[in-house]
Amino acid sequence: MRFVVVVLLVSLSVFVSPVIKPACGQKNKQAGQSTSNFSCLAGRPGIPGLHGTPGAHGRDGRDGRPGTQGKQGPRGLEGTPGKQGPPGAAGAPGNTGPQGISAYFNWKECSWTNINEEKDNGLIRDCLFYKNFTDSILHVYWNGGFKIINCNGCCKRWFFTFNGAECKTPRAIDGILYMAKGVGHNIHRVRHIEGHCDRIHKGHVRVGFNVGNCSGYGNADAWTGWNSNSRLFVEEVPRPQQ
């Protein structure tokens, strides 16, 4: 539209006035005319134009450098305990522990009334026992009366055997009776012989109580279990502490 208006104005100026008016502040110089100065008055200010449309947003700036670490703040208040969580899954089974003492609880007592055994050498009585473990130990004791009579400087020995052999580990289980002056004396007393024996196999074990001669002494008159009760006790126990 502006282009059309300009074209029309130019066309009218050509046809109406062949003489171009000088611009404000310039002299009009034509052939055969005297020169003269003229002045132009300033026109009214034009109406302000409309605001233009906002431009597009600029690009994001670069990230700033990391700041220095701040000082540690004060400790916060203690929180309230949380709710109890659900039970966890069952763990894997643990390794089998060593056998407890109760597993070795195995014992037996053989007893007799008035056995009145006059043997001077040999087996008095025995008791058959079943041993459950290889690494256990046997605890044994004899409780009953025995004596030697009518001799001076005499000695007799009572001892345990296991399947016919005396204990070797830790050592033999025995007891002796010695009399310096025994002629004319007949004294019966209850005696107690006790001990432990190691390295005895698992299974049946025949535990015997025997009488024999003391080392370095000859034979003497022995008597076992007169007019009383006699007991042979056998017990399987765990190994001792080191």
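Predicted model: local features only at pLDDT ≥ 70, side-chain atom pairs only at ≥ 80, totals over all residues.
Residues are numbered from 1 along each chain as its sequence is written, and side-chain values use heavy atoms, with hydrogens and water left out. The mean pLDDT (the predictor's confidence in each residue, from 0 to 100) of the protein chain is 85, and 82% of the residues reach at least 70. In residues 1-36 the pLDDT falls below 50; this stretch has 16 contacts in the model beyond near neighbours in sequence, a contact being defined by heavy atoms within 4.5 Å.

One helix and nine strands are present in the protein chain. Helices (H or I, at least four residues) and strands (E, at least two) are DSSP runs, numbered from the N terminus. The order of elements from the N terminus is α-β-β-β-β-β-β-β-β-β. Of the contacts between residues at least 6 apart in sequence, 80% join residues at least 24 apart. Of the 242 residues in the protein chain, 27% are buried; with a 1.4 Å probe and protein chains only, buried denotes under 20% relative accessible area, exposed over 50%, and partly exposed the range in between.

A nonpolar core is taken as a set of buried Ala, Val, Leu, Ile, Met, Phe, Trp, Tyr and Cys residues joined through side-chain atoms within 4.5 Å. The largest such core comprises 31 residues, and those with the most contacts inside it are W142, W158, F160, F162, V207, F209 and L232. At least two residues of this core are supplied by each of β1 (106-113), β2 (122-131), β3 (137-149), β4 (154-162), β5 (174-179), β6 (189-197), β7 (203-213) and β9 (229-237). Strand β3 contributes the largest share, five residues. Apart from its neighbours within four places in sequence, V207 is in contact with R125, D126, C127, V140, F160, T161, F162, L232 and V234.

Pockets were located on a 1 Å grid over the protein atoms alone: a cavity is a set of points where a 1.4 Å probe fits but cannot get out, a pocket is an open set with protein on both sides within 12 Å along at least five of seven lines, and lining residues have an atom within 4 Å of a point. The largest pocket has a volume of about 150 Å³, where grid points are joined across faces, edges and corners and the volume is the space filled by probe spheres set on the points. Its lining consists of 13 residues, with F162, C197, D198, R199 and I200 nearest the centre. By class, six lining residues are nonpolar, three polar and four charged; Ala, Val, Leu, Ile, Met, Phe, Trp, Tyr, Cys and Pro count as nonpolar, Asp, Glu, Lys and Arg as charged, and the others, Gly among them, as polar.

Residue D120 is located in the loop between β1 and β2 and is partly exposed, with a relative accessible area of 23%. Although D120 and A222 are 102 residues apart in sequence, their C-alpha atoms are 5.0 Å apart. Beyond four places in sequence, the contacts of D120 are K156, V211, G212, N219, A220, D221 and A222. Residue G212, in strand β7, is buried at a relative accessible area of 7%.

A cis peptide bond, with omega about 5°, joins T169 and P170, and P170 is found in the loop between β4 and β5. For N150, a residue other than glycine, phi is positive, near 55°. N150 lies in the loop between β3 and β4 and is exposed, with a relative accessible area of 54%. For N227, phi is likewise positive, near 55°; N227 occupies the loop between β8 (221-224) and β9 and is exposed, at 54% relative accessible area.
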